[in-house]
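Dear colleague,

Please find the structure below, handed over for your own work. My notes on what was found in it follow directly after.

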Amino acid sequence: MTTPIVVTGGTGTLGRLLLPHLLDAGRSVRVLTRRQPAGPASSGSASSDSVPSGSGSRGSVPSGSAPSDSVPSGSAPSGSASVGPASAGRPAVVEYAIGDLETGTGVVEALAEADTVVHCAGSAKGDDVKAAHLVGAAVRAGVKHIVYISVVGAERVPVRSAVDRAAFGYFGAKRAAELCVAESGIPFTTLRASQFHELTLATVRQLAKLPVVPVPAGVRFQPIDGAEVARRLAELALGEPAGLVPDIAGPRVYGFDELVRSYLRAAGKRRPILRVPMGGGAYRAIRAGANLAPDRAVGVRTWEQYLAANR
């Protein structure tokens, strides 16, 4: 029996796309989650009611049933449904371990017996704190490989001032998390990806609710399909530690206003777009393309194709 691969953020956009690849490779998978899983327990495993929240206890849930902190119904993009039925050689269940990366509670227990951890858990802020708690627990648990998903430009976008932190603090937190992983003493692999189609769509959809859509002037993105990132991340998790690997980015660069305009057309909406200049070193770096990787445009699915399938 193989040791489990632990996935943080396994109920989020990228994590839910990653799990089937690991299972199809015949690996046992344990998802670190803050809340106990919902749904009936598999035969011979603890029921979800028997998993006390915050205890670090574990319970198994049949492949295909989503935990309670998964993406709400209707918000998940096409292709990002929870893990499907087991195939030949695939374990029948995904194990869910209760732990909180924001406080560190239960994380050491969740990593028990695991050799590899894939750190997908991310948020608008606090990624550096979560990474520190995960790394500390991984050292104590004897983990041999940490795989981290970061963002293109993490090392090129300076986040120094309050203005930088307010608008682009995500890049600074990602960079701090990268360094935390790299300096942990644990062999690691870090993959930097450009913005996902899924998250780009969520952003422009939210902005389009306003009567006038504000966009930062001169900002460009190179969105990539989350499924393509998940496939690459699975390859890295199943391989040997490789340090910082080449970036992965979408096939084309778009102005932010172009992304908004294309969504408005697809949704049949009419909104004026207001280009808003911003200040700070982070904004200047992003205007100069620090968040882009045109030499690593290895993604295949375009924004237009994704939008047509998910509008």
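In these notes, a residue is called buried when its relative accessible area is under 20%, exposed when it is over 50%, and partly exposed in between, computed with a 1.4 Å probe on protein chains only. Helices (H or I, at least four residues) and strands (E, at least two) are DSSP runs, numbered from the N terminus.

This is a predicted model, in which local features need pLDDT of at least 70 and side-chain atom pairs count only at pLDDT 80 or more, while totals for chains, interfaces and linings use all residues. Residues are numbered from 1 along each chain as its sequence is written, and side-chain values use heavy atoms, with hydrogens and water left out.

Helix 5 spans residues 197–207, and its buried residues are His197, Glu198, Thr200, Leu201, Val204 and Leu207. These buried residues pack, with contact meaning heavy atoms within 4.5 Å, against helix 1 (13–24), strand 8 (213–216), helix 6 (226–238), helix 7 (256–267) and helix 9 (303–310). With residues up to four places away in sequence not counted, Val204 touches Phe256, Leu259, Val260, Tyr263 and Trp303.

A nonpolar core is a set of buried Ala, Val, Leu, Ile, Met, Phe, Trp, Tyr and Cys residues joined through side-chain atoms within 4.5 Å. The largest such core has 29 residues, and those touching the most other members are Leu201, Val204, Phe256, Val260, Tyr263 and Trp303. At least two residues of this core come from each of helix 4, helix 5, strand 8, helix 7, helix 8 and helix 9. Helix 7 supplies the largest share, five residues. There is also a second, separate core of 28 residues, with Leu23, Tyr96, Phe196 and Ala237 among them.

Salt bridges

A salt bridge is taken here as a side-chain nitrogen of Lys or Arg within 4 Å of a carboxyl oxygen of Asp or Glu. By this rule there are twelve salt bridges. One of them joins Asp127 and Lys174, whose closest N and O atoms are 3.3 Å apart. Asp127 lies in helix 3 (residues 127–141) and Lys174 in helix 4 (residues 162–182), so the pair ties together parts that are 47 residues apart in sequence. Both Asp127 and Lys174 are buried.

Another salt bridge links Arg301 to Asp225, with 3.2 Å between the closest N and O atoms. Because Arg301 sits in the loop between helix 8 (281–287) and helix 9, and Asp225 in the loop between strand 9 (220–221) and helix 6, this pair ties together parts that are 76 residues apart in sequence. Arg301 is partly exposed at 22% relative accessibility, whereas Asp225 is buried at 6%. Salt bridges that share partners also join Glu155, Arg156, Arg175, Glu178 and Arg192 into one network. Within this group, Arg156 and Glu155 meet at 3.3 Å, N to O. Arg156 is partly exposed at 35% relative accessibility, and Glu155 is partly exposed at 37%.

Two further residues

Asn310 lies in helix 9 and is buried, with a relative accessible area of 13%. Its side chain reaches the backbone oxygen of Tyr306 at 2.9 Å. Glu113 is not a glycine, yet has a positive phi of about 70 degrees. Glu113 is placed in the loop between helix 2 (107–110) and strand 5 (116–119), and is exposed, with a relative accessible area of 60%.

With kind regards

How values were computed. Polar contact = N/O pair within 3.5 Å; in protein donor to acceptor, adjacent residues only side chain to side chain.
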